[in-house]
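Please examine the sequence and the structure shown here before reading the report on strands, pockets and cavities.

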Amino acid sequence: MTTTIPTPIRLQLGHAAVQVVADRIGADLLHIKGESLDPTVRRSGRTASDVDVLVHPDHVAALLVALRAAGWELLNDFPSSSAFEHSATLRHPAWGHLDVHRSFPGLTVRAEVAFGVMWSAGRTWLAAGRACRVPEPTAQRLVLLLHAARSRGSHRGRQDITHTWTAADDDVRAAVEELARRLGAEVGLAAATGRLDAWRGHPDHDLWQVASAGGTRIDEWRARVKAAPTTRGKLRLVGRAALVNVEHLAMLRGRPPTRREVVAEFFARPARGVREELARRRPRRAGD
């Protein structure tokens, strides 16, 4: 007989399982979003589907090794996660999916500085009886807003923005804006709160425009190159633009792709990009 564990309980057990591994190797991490949200930040009816942790950048590599030794399977690494290359996704047969963040999109100060600011003001949250560290509510609110900025077009994203920002009082908003200044998150916060136009000309503007409102593959890569802070970083991105994301291809197919499929994708990617660009520039007919 198979018993289904309710999702909130499974997720709390997942948070606890990750913390056990982290404690075993001395890794510092913060539990973010989902089940770990403070009641003052989490809106009524909001559900979670996975476990998210932000890890001190010096401890990321060791934690990933320890997690895999504890039965977690790596599904995709950081370069495959998003335009921000911020997280790795793992899966456990019992606890489900886990996103390990080495940074958080929108926080532009050095990753170790951002982590230190949130860690120093953090609080203890009990997940299935295990002591876990979480950011304080203002930091949780900022993280949730930055996350929602990348899904403003979704119902869930709009609901999170309404609850954490639109419905918040002036003091709460002021605290979020002050923390955003400390963490260099002003542009991401502006994207979440509908004020991105005020940041036109900033190197990160186009990246957040694409992240929050959508765009073509060419738009995304152009924005990523523009946002890269160094010439070396820009050249690295240009070199990678045409490469096939093999991990993503495997996730789409549900299995490792064959060499022939990788080669086919290599030639298909630029063709799709051109088609998207042409479709965007094509004049709309009256009545469309």
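The model is predicted: local features need pLDDT of at least 70, side-chain atom pairs count only at pLDDT 80 or more, and totals for chains, interfaces and linings use all residues. Residues are numbered from 1 along each chain as its sequence is written, and side-chain values use heavy atoms, with hydrogens and water left out.

**Strand β2**

Strands (E, at least two residues) and helices (H or I, at least four) are DSSP runs, numbered from the N terminus. Strand β2 spans residues 51-55, and because five of its five residues are buried, the strand is largely enclosed by the rest of the structure. Buried here means under 20% relative accessible area, exposed over 50%, and partly exposed in between (1.4 Å probe, protein chains only). In a regular strand the side chains alternate between the two faces of the sheet. In β2 both faces are covered, with V51, V53 and V55 buried on one side and D52 and L54 buried on the other.

**Residue P8**

P8 belongs to helix α1 (residues 7-25). Its relative accessibility is 43%, so P8 counts as partly exposed. The C-alpha atom of P8 is 7.1 Å from that of E35, 27 residues apart along the chain.

**Pocket and cavity**

On a 1 Å grid over the protein atoms alone, a cavity is a set of points where a 1.4 Å probe fits but cannot get out, whereas a pocket is an open set with protein on both sides within 12 Å along at least five of seven lines; lining residues have an atom within 4 Å of a point. Grid points are joined across faces, edges and corners, and a volume is the space filled by probe spheres set on the points.

The largest pocket holds about 850 Å³. Among the 30 residues that line this pocket, A83, F84, S103, L107 and P229 are the closest to its centre. β2, α3 (111-120), α8 (205-213), α9 (217-227) and α10 (231-240) each contribute at least two lining residues.

There is one cavity of 30 Å³ or more, and the largest cavity has a volume of about 30 Å³. H31, I32, K33, S36, L37, P135, Q140 and V143 line the largest cavity.
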